[in-house]
Amino acid sequence: MAAALTLGARGRGRTAPNPNVGCIIVRDDRVVGRGWTQPGGRPHAEAMALEQAGAFAKGATLYTTLEPCAHVSPRGPACSDLIIDAQLARVVIALVDPDARTCGQGIERLQTAGIAVTHGPGTAAALSVMAGFLTRLALGRPYITLKLATSLDGQIALADGTSQWITGPQARAHGHLERARHEVIVVGRHTIQADAPKLDVRLAGLEDRSPRRLVLTTMTEAPSGWGVLRKPADVALLTGVNDVLVEGGAQTAAAFLADNLVDRLLLYRAPILIGAGKAALGEFGLSDLGTAHGRWQHGDTRTLGDDRLEVYERVRE
């Protein structure tokens with residue numbers, strides 16, 4: 001299941017509105033098929049793995065990060081039917097599909113066909129890997145990550161606005177990898193005016209994964225190559241988007257926080273002090289320190305060259 005989850009992570013930012021599923025097929029202690037949801041959502045992970053396994057799928061065990069779909073689409077057959085046709089012996093599922101078109105029906109169909117089904121292994125990791133898809137179903141909007149690159153004292157630029165570069169090359173490369181995992185990237189109008197950012201992915205082999213660029217502004221027209229987001233809540237109107245990355249600046253970050261729309265925080269911190277510079281965040285409506293506690297849960301810490309990345313997830317009901 002861990003291998004299937006790793007495969008599923010490859011598709012993050014590429015499969016919307018479908019989930020980014022990973023799948024492994026094992027027979028006689030050998031992996032005979034691998035798959036992950038392809039760009040645009042098809043083929044599904046199970047279909048890809050089954051095609052690779054061919055006749056070796058008969059009697060095998062299939063590990064998938066999400067319940068195999070039970071609905072037929074104009075774009076392809078239901079994965080539960082493909083599994084039955086391939087005569088697998090067992091299916092292990094990390095997460096039941098919350099989509100009403102499948103929820104529990106895929107499992108029931110497999111069991112009716114005499115296939116043993118286990119679900120539960122890898123659930124926590126699957127919730128993280130497919131957070132975009134799951135958030136869109138649960139909350140009606142994409143999963144939103146806020147990225148901040150700061151000095152130790154929380155500044156994102158010198159007082160004159162100079163910000164290149166606060167973090168080192170390893171942290172910046174990781175930031176590009178994060179861009180590749182999102183369909184959309186958002187910055188504010190002042191960031192465009194000050195930095196003219198490209199916001200593309202500049203990692204070898206991933207250049208084609210640059211996200212769509214949006215500017216948070218009330219301007220009637222966006223700069224060439226940019227779309228417009230009138231207000232943070234309008235992310236719910238985006239179609240074909242599971243994951244959104246907010247890269248700044250301070251007022252844009254504060255606007256998303258004020259509307260309680262940030263689900264994950266990426267905090268890159270460089271071992272430097274700036275002093276009287278530009279703060280990472282503007283005012284976002286916090287009036288009581290007591291309410292600031294308990295909102296964020298630490299998820300990960302990494303060392304990237306001289307810099308440190310801390311990942312936090314929003315605590316929600």
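How many of the 6 residues of strand β12 (residues 264-269) are buried? I looked it up: 5 of the 6, with buried meaning under 20% relative accessible area, exposed over 50% and partly exposed in between (1.4 Å probe, protein chains only). Helices (H or I, at least four residues) and strands (E, at least two) are DSSP runs, numbered from the N terminus.

**Ground rules**

I am working on a predicted model, in which local features need pLDDT of at least 70, side-chain atom pairs count only at pLDDT 80 or more, and totals for chains, interfaces and linings use all residues. Residues are numbered from 1 along each chain as its sequence is written, and side-chain values use heavy atoms, with hydrogens and water left out.

**Around β12**

I checked the strand's partners next, where two strands pair if DSSP finds at least two bridges between them. β6 runs parallel to β12, with 6 bridges joining them; T150 has R269 as its bridge partner there. β15 is antiparallel to β12, also through 6 bridges, and Y268 stands opposite L309 in β15.

I then followed β15 (residues 307-314) to β14 (residues 296-304): the two are antiparallel and share 8 bridges. L309 turns up again here, as the bridge partner of R302. β14 and β15 make a hairpin with 2 residues between them, and G305 in the turn has a positive phi of about 65°.

**The largest pocket**

I noted a volume of about 1200 Å³ for the largest pocket. Its lining counts 45 residues, and S163, T191, D195, E247 and G249 are the closest to its centre. For the record, a pocket is defined on a 1 Å grid over the protein atoms alone: an open set of points where a 1.4 Å probe fits, with protein on both sides within 12 Å along at least five of seven lines, and lining residues have an atom within 4 Å of a point. Grid points are joined across faces, edges and corners, and the volume is the space filled by probe spheres set on the points.

Which elements supply at least two lining residues each? I found β6 (143-150), β7 (155-157), α7 (169-180), β8 (184-188), α8 (189-195), β11 (243-248), α9 (250-258) and β13 (278-279). By class, I get 19 nonpolar, 15 polar and 11 charged residues in the lining. Ala, Val, Leu, Ile, Met, Phe, Trp, Tyr, Cys and Pro count as nonpolar, Asp, Glu, Lys and Arg as charged, and the others, Gly among them, as polar.

**H44 and α2**

Is H44 buried or exposed? It is buried, at 12% relative accessible area, and sits in the loop between β2 (30-36) and α2 (45-53). Its side chain makes a polar contact with the side chain of R42 at 3.4 Å. That term covers a pair of N or O atoms within 3.5 Å; within protein, one must be able to donate a hydrogen and the other to accept it, and residues adjacent in sequence count only if both atoms are side-chain atoms. Leaving aside neighbours within four places in sequence, H44 is in contact (heavy atoms within 4.5 Å) with N18, T37, C69 and C79.

Another cis bond joins A16 and P17, omega about 5°; P17 is in the loop between α1 (2-10) and β1.

In α2, I list A45, E46, M48, A49, L50 and A53 as buried. Their cover includes β1 (22-27), β2, β3 (61-64) and α3 (79-85). G54 follows α2, with a positive phi near 60°.

**G106**

G106 is in helix α4 (residues 105-112) and buried, at 0% relative accessible area. C69, which also touches H44, is 37 residues from G106 in sequence but 5.7 Å away in space, C-alpha to C-alpha. Beyond four places in sequence, G106 is in contact with E67, P68, A70 and S80.

**Positive phi without glycine**

Q87 is not a glycine, yet has a positive phi of about 60°. I place Q87 in the loop between α3 and β4 (90-93), partly exposed at 46%. L199, not a glycine either, has a positive phi of about 55°. L199 lies in the loop between α8 and β9 (212-216) and is buried, at 4%.
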